Amino acid sequence: MKDKGLSFLQTVIAGTSGLIVAEIFNSEGIFHLVVMIIGFVVVSVLCEIAFAVLAEKISTKKLKIMGWILFVVLVIILSYFKSKNAGYF
């Protein structure tokens, strides 16, 4: 049975990555939404594959810790692109 914590973590990582992709393209309006959804779907599939492979090799607890570290790094990257697009850099 799949761990609900890992599913939540995959969703959080994929959502944040979708936002980063949309900020990289610096899109607006409906294009922003489309790019964000495409980024979310692609990263969600990649997370599913990566977590399945890693779950065989390491414990679930370590996998969750690594996932939350990745999430923090993604939030830092997202805040950089948000600031860059807002003109702070």
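Which residues does Glu23 touch, not counting residues up to four places away in sequence? Glu23 touches His32, Leu78, Phe81, Lys82 and Asn85, where contact means heavy atoms within 4.5 Å.

The model is predicted, and local features need pLDDT of at least 70, side-chain atom pairs count only at pLDDT 80 or more, and totals for chains, interfaces and linings use all residues. Residues are numbered from 1 along each chain as its sequence is written, and side-chain values use heavy atoms, with hydrogens and water left out.

## Overall architecture

The protein chain contains 3 helices and 0 strands, and its elements follow the order α-α-α from the N terminus. Helices (H or I, at least four residues) and strands (E, at least two) are DSSP runs, numbered from the N terminus. The C-alpha trace spans about 45 × 25 × 15 Å along its principal axes. Of the contacts in the protein chain with a separation of 6 or more, 71% are accounted for by residues 24 or more positions apart.

The accessible surface of the protein chain is about 6000 Å², and carbon and sulfur atoms hold 73% of that surface; accessible areas come from the Shrake-Rupley method with a 1.4 Å probe, and for residues only the protein chains shown count as cover. Of the 89 residues in the protein chain, 26% are buried. Buried means under 20% relative accessible area, exposed over 50%, and partly exposed in between (1.4 Å probe, protein chains only).

The protein chain carries 8 positive and 5 negative charges, whose mean positions are 9 Å apart. Lys and Arg count as positive and Asp and Glu as negative, while His and the chain ends are not counted. Each charge is placed at NZ of Lys, CZ of Arg, CG of Asp or CD of Glu.

## Helix H1

Helix H1 covers residues 4-24, 21 residues in total, and reaches 30 Å from its first C-alpha to its last, close to the 30 Å expected at 1.5 Å a residue. The expected span is 1.5 Å times one less than the number of residues. The buried residues of H1, including Leu6, Leu9, Val12 and Ile13, pack against helix H2 (29-57) and helix H3 (60-86).

Thr16 is located in helix H1 and is buried, with a relative accessible area of 8%. Apart from neighbours within four places in sequence, Thr16 is in contact with Phe71, Leu74, Val75 and Leu78. Glu23 also lies in helix H1, and at 9% relative accessibility Glu23 counts as buried. Just after H1, Asn26 adopts a positive phi of about 50°.

## Aromatic pairs

A pair of aromatic rings is described by the distance of the centres and the angle of the planes. Rings of Phe, Tyr and Trp (its six-membered ring) pair if their centres lie within 6.5 Å; planes under 30 degrees apart count as stacked, over 60 as edge-to-face and the rest as tilted.

| Pair | Centre to centre | Angle between planes | Class |
|---|---|---|---|
| Trp68 and Phe71 | 5.6 Å | 85° | edge-to-face |
| Tyr80 and Phe81 | 5.2 Å | 70° | edge-to-face |

Trp68 and Phe71 are 3 residues apart in helix H3, so about one helical turn separates them. Trp68 is partly exposed at a relative accessible area of 37%, and Phe71 is partly exposed at 21%. Phe8, Trp68 and Phe71 form one aromatic cluster. In the other tabulated pair, Tyr80 is partly exposed, with a relative accessible area of 38%, whereas Phe81 counts as buried at 18% relative accessibility.
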